[in-house]
Amino acid sequence: MLNFVLIANPENRRVDFLQQALTHFNLPPATVVDYADLISGKQNLAQFNTPNTIIRFDSPEKNFDIDKAIIAAGFNVSDNGEHQRISPGEAMELEFDKGRILYSRQWYLGWRYLLQKWESQLTPLQGDFMNHPQDIAVMFDKPACHERFSRHNIPVPHSLGKIHNYEHLREQMQTQGIERVFVKLSHGSAASGVVAYRVNSRLESAITTVERVRENGETLLYNSRKISHYTHHEEIADIINILTAEGVQVEEWLPKAHLQGCGFDVRVVVINGEAQHIVVRLGKSPMTNLHLGNERGDTEEFLAKIDAENWEMMKRTCEQAAALFPNSLYCGVDLLILPDWKTHAILEINAFGDLLPGILWNGMDTYTSEVKAILGRDKVDKEDKVDKVDKVDKVDKVDKGDYSPIIH
């Protein structure tokens with residue numbers, strides 16, 4: 001019998017989805033380890049390092065106390081020194097300010113450090129990970145993902161390289177002949193700190209999830225579900241300078257194919273190497289994230305409109321992107337399709353991109369499909385072991401020598 005251990009914020013709805021999937025297969029419920037207890041040292045993962053144990057790290061999202069603890073953990077991690085830093089004490093004293101973008105780079109350094117620490121508690125691993133800590137860390141690093149995809153010939157938007165500030169961005173756009181770009185926080189998620197920026201001889205414009213607030217002579221940036229449109233140079237420069245100080249990925253802003261009168265992209269969940277669940281995300285703005293008020297497109301209409309051969313090619317691209325993280329069972333891939341409905345590019349890969357309530361594939365939601373894949377792997381492993389034992393037994397019956405047979 002497999003035992004599942006889930007590291008999560010217990011109040012998060014993701015926990016219930018996994019428990020329901022386990023119940024579907026008559027498996028015992030997962031042991032839930034609270035991120036708070038793990039970060040504070042009240043719990044250690046070493047106690048769960050046993051055979052037949054499956055360990056799943058889930059998103060630490062929507063918990064400000066956990067965010068503060070992760071920021072605090074990043075204080076002593078060495079880095080290039082370009083971003084803001086606050087001490088652990090200052091981090092823990094931060095007051096909740098809904099939507100405010102805070103210490104993105106230090107948060108990531110803390111998150112990566114903690115993942116490495118928890119992995120070390122499970123070394124050598126006797127069970128298995130659903131999503132490997134090292135893979136999670138890379139998937140949270142947009143420049144690193146883009147570089148990995150490019151190196152393996154996965155189609156991605158053109159990157160402008162490391163951008164230091166607003167003036168550097170303008171310089172690189174002019175040098176590279178690009179008028180439209182997406183500026184994304186290197187370690188943002190859920191469209192945090194995303195700016196669709198364009199500039200030419202006639203206009204300058206930034207369409208963004210970022211709300212700029214001036215308070216006591218200081219600029220504060222907030223994530224907002226209401227899309228803002230900035231056209232004043234000073235405001236745009238201020239926003240981009242603050243974002244670039246935390247690290248950004250800047251890519252060419254590619255045109256999207258249209259469906260139901262909107263530009264769209266597709267979230268594709270790859271599980272066990274196979275592109276399965278999909279959601280068509282219709283964009284009322286350049287950002288298509290559903291929590292921004294965008295709607296799910298008609299999947300049947302999408303599949304009817306796209307050429308079957310092209311769609312198979314796009315799914316293979318998503319599977320190839322996921323295969324670059326071979327130690328993780330699943331991921332969410334954001335796929336952009338250009339107006340010719342053939343050319344495509346991978347926009348992002350998401351370690352926790354499987355939260356698609358109500359989306360089924362072969363009658364199963366993402367969590368159920370993931371558990372089924374694990375059970376299938378476990379069955380194959382056991383059959384493989386039985387097969388090897390059988391081969392050894394047959395060789396032993398033929399050869400009564402003193403040496404052990406070598407099985408190939």
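Analyst: A residue is called exposed when its relative accessible area is over 50%, buried when that area is under 20%, and partly exposed in between. The model discussed here is a predicted one.

User: Is Arg-225 buried or exposed?

Analyst: Arg-225 is part of strand β8, which covers residues 218-230. On the surface, a patch of positive charge brings Arg-225 together with Arg-13, Lys-62 and Lys-98. The relative accessibility of Arg-225 is 62%, so the residue counts as exposed.

User: Which residues gather in a patch of negative charge, and where does Asp-97 lie?

Analyst: The negative patch on the surface is made up of Glu-95, Asp-97, Glu-215 and Glu-218. Asp-97 has a relative accessible area of 30%, so this residue is classed as partly exposed. As for its place in the chain, Asp-97 lies in the loop between α4 (88-92) and α5 (104-121).

User: How many salt bridges does the structure hold?

Analyst: The criterion is a side-chain nitrogen of Lys or Arg within 4 Å of a carboxyl oxygen of Asp or Glu. By that criterion, the structure holds 20 salt bridges.

User: How many residues apart in sequence are the parts that Arg-14 and Asp-354 tie together?

Analyst: Arg-14 and Asp-354 form a salt bridge, with 3.6 Å between the closest N and O atoms. Arg-14 belongs to helix α1 (residues 13-24) while Asp-354 is in the loop between β15 (344-350) and α12 (366-398), so the bridge joins parts of the chain whose separation in sequence is 340 residues.

User: Which residues are linked with Arg-14 in a network of salt bridges?

Analyst: Arg-14 and Asp-354 are both buried. The two belong to a network of salt bridges, in which the residues linked with Arg-14 are Arg-56, Asp-58, Glu-61, Asp-354 and Glu-370.

User: Lys-142 and Glu-348 also meet in a salt bridge. What is the relative accessibility of Glu-348?

Analyst: The N to O distance in this bridge is 3.9 Å. The pair links distant parts of the chain, 206 residues apart, with Lys-142 in helix α7 (residues 142-151) and Glu-348 in strand β15. Lys-142 is buried because its relative accessible area is 13%. Glu-348 counts as buried too, because its relative accessibility is 18%.

User: Which elements does the salt bridge between Arg-212 and Glu-235 tie together?

Analyst: The side chains of Arg-212 and Glu-235 meet at 3.8 Å, N to O. Arg-212 counts as partly exposed because its relative accessibility is 22%, and Glu-235 is partly exposed with a relative accessible area of 24%. The two residues are 23 apart in sequence, so the bridge ties strand β7 (residues 204-215) to helix α9 (residues 233-246).

User: Which residue takes a positive phi just after α9?

Analyst: Within α9, the buried residues are Ile-236, Ala-237, Asp-238, Ile-239, Ile-240, Leu-243, Thr-244 and Glu-246. Just after the helix, a positive phi of about 100° is taken by Gly-247.

User: What separates the C-alpha atoms of Gln-84 and Arg-105?

Analyst: Gln-84 is located in the loop between α3 (64-73) and α4. Its relative accessible area is 45%, so Gln-84 is partly exposed. Gln-84 and Arg-105 are 21 residues apart along the chain, and their C-alpha atoms are separated by 8.0 Å.

Key:
Residues are numbered from 1 along each chain as its sequence is written. This is a predicted model: local features need pLDDT of at least 70, side-chain atom pairs count only at pLDDT 80 or more; totals for chains, interfaces and linings use all residues. Side-chain values use heavy atoms; hydrogens and water are left out. Patches are made of residues with over 30% relative accessible area and no salt bridge: like charges are joined within 9 Å, nonpolar side chains (Val, Leu, Ile, Met, Phe, Trp, Tyr) within 5 Å. Accessible areas come from the Shrake-Rupley method with a 1.4 Å probe; for residues, only the protein chains shown count as cover. Lys and Arg count as positive and Asp and Glu as negative; His and the chain ends are not counted. The place of a charge is taken as NZ of Lys, CZ of Arg, CG of Asp or CD of Glu. Helices (H or I, at least four residues) and strands (E, at least two) are DSSP runs, numbered from the N terminus. Buried means under 20% relative accessible area, exposed over 50%, partly exposed in between (1.4 Å probe, protein chains only).
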